[in-house]
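Here is a walk through one structure, taken a step at a time. Keep the sequence and the 3D view at hand as you read.

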Amino acid sequence: MATQRRKPLGTPLRPIGGDGVRIPDKQRLAELSALWDANCPPQYRGLMDAAPVSDKVSQSRFVYDNTRLCYIVRKTGRKIPQVEINRAFAVFQRKRKLGR
Amino acid sequence: MTLIYIANQLQGGGFTLSEWQSEMREYLRSEYESAVILSAGGVRSDVTQSDWGYMGSLLKKQYQYLDSFASDIANNPAAWLNGNALFNRMQLYSDSAYTALENMLARKMAQNGFTEEKNMLGTADHCNGCLAQTAKGWSPIGSLVPIGQRDCIVKCKCAMKYRKPTGNGGYAYA
């Protein structure tokens, strides 16, 4: 059985010039939303795809109230406290680190 | 690609240092982008040019730390390519996105007229800095030591609550 050859360590990349940050396009935003859904706690799937609270047509699970700066569960009208969003983000981060 | 996979690839010889660095940059970028989108109300909200710019300034700082980390690895591979030191340090970069989320939220709240903040302890062991900030209760926005700048640095799992007066003696909470 062939063994995988170890790559040489090589040298570091050069620093990124300019500000090095691009504003995400639509495809990138869709990928980020999918990344969130794949790693967040199940009850927060769809959070990144929240519709504005004024949008009565969308079927999204969550809406975002831009005046009160909070997410709301569309079905129940429950306002999600910021602390919950933080905890969900921490879970998202842990799963991305470890895969579980 | 998980963070531990990226670490294992470098340690196992599957990635060169530049490939590892490139993967780390992409990993961090997606964490910071997720944080700014969450703080702004999701991908359908208007994340402003200014929001992206602010995120960019935070991310650029992390890229600089990462460049320095890559140099450390190149200068002393034996210290990093065995054991847990590599993954442990890599985790700090990822953890910084949590503090970035809090920074972005604080900025947004201040921009939208919220005037007070209060520290809420997270589900973790608490450093003296976090306990001291919590003991202050409701305080003028911007007066508490920000998350990420206390004793626990980027390991912090606290969150901030925000409120503003409604004009009838009550408060509106974010």
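Among contacts in chain B between residues at least 6 apart in sequence, 65% join residues at least 24 apart. That is the starting point for this predicted model. Chain B has 174 residues, and 52% of them count as buried. The C-alpha trace of chain B spans about 65 × 40 × 20 Å along its principal axes. Its accessible surface comes to about 7200 Å². Carbon and sulfur atoms account for 50% of that surface.

Charge comes next. Chain B carries 16 positive and 15 negative charges.

Now the elements. Chain B holds six helices and four strands. Along the sequence, the pattern reads α-α-α-α-α-β-α-β-β-β.

**The helices**

Start at helix α1 of chain B, residues 3-12. Its buried residues are Leu3(B), Ile6(B), Ala7(B), Gln9(B), Leu10(B) and Gln11(B). What do the buried residues of α1(B) pack against? Within chain B, they pack against α2, α3 (49-75), α4 (77-80) and α5 (85-111). They also pack against α2 (82-98) of chain A. In an α-helix there are 3.6 residues a turn, so residues three or four places apart point the same way. Just after α1(B) comes Gly13(B), which takes a positive phi of about 85°.

Move on to helix α2 of chain B, residues 17-40, and find Gln21(B) there. Is Gln21(B) buried or exposed? Gln21(B) counts as buried because its relative accessibility is 0%, and the cut-off for buried is under 20%. The side chain of Gln21(B) makes a polar contact with the side chain of Asp67(B), at 2.8 Å. Leaving out residues up to four places away in sequence, Gln21(B) touches residues of chain B and of chain A. In chain B these are Leu66(B), Asp67(B) and Ala70(B). In chain A they are Pro12(A) and Leu13(A).

**The strands of chain B**

Strands of a sheet pair through backbone hydrogen bonds, either parallel or antiparallel. Take β1(B) as the way in. Strand β1 of chain B covers residues 116-120, and strand β2 of chain B covers residues 139-140. The two pair in the antiparallel sense over two bridges. Glu117(B) has Ser139(B) as its bridge partner in β2(B).

β1(B) also pairs with strand β3 of chain B, residues 159-165. This pairing is antiparallel too, with five bridges. Here the bridge partner of Met120(B) is Ala159(B).

How many residues of β3(B) are buried? Five of the seven are, so β3(B) is largely enclosed by the rest of the structure.

Follow β3(B) to strand β4 of chain B, residues 171-173. These strands run antiparallel, joined by three bridges. Arg163(B) has Tyr173(B) as its bridge partner in β4(B). β3(B) and β4(B) form a hairpin with five residues between the strands. In that hairpin, Gly167(B) takes a positive phi near 100°.

One loop deserves a stop. Ile153(B) sits in the loop between β2 and β3 of chain B. Its phi is near 50°, a positive value in a residue other than glycine. Ile153(B) is partly exposed, with a relative accessible area of 48%.

**The sheet of chain A**

Turn to chain A. It has an open sheet of four strands, in the order β1-β2-β3-β4, with mixed pairing. Which strands lie at the edges? They are β1 (51-52) and β4 (79-80) of chain A, each pairing on one side only.

β1(A) pairs with strand β2 of chain A, residues 62-65. The pairing is parallel, over two bridges. Ala51(A) stands opposite Val63(A) in β2(A).

The last stop is Leu69(A), in the loop between β2 and β3 (70-73) of chain A. Leu69(A) has a phi near 55°, a positive value in a residue other than glycine. Leu69(A) counts as buried, because its relative accessibility is 3%.

Key:
Residues numbered from 1 in each chain as written. Chains lettered and ligands numbered in written order. Predicted model: local features only at pLDDT ≥ 70, side-chain atom pairs only at ≥ 80, totals over all residues. Heavy atoms only, no water. Buried < 20%, exposed > 50% of the residue type's maximum accessible area, 1.4 Å probe, protein only. Polar contact = N/O pair within 3.5 Å; in protein donor to acceptor, adjacent residues only side chain to side chain. Contact = heavy atoms within 4.5 Å. Pairing = 2+ DSSP bridges. Areas by Shrake-Rupley, 256 points an atom, 1.4 Å probe, with all protein chains shown as cover. Lys, Arg positive; Asp, Glu negative; His and termini not counted. Charge placed at Lys NZ, Arg CZ, Asp CG, Glu CD.
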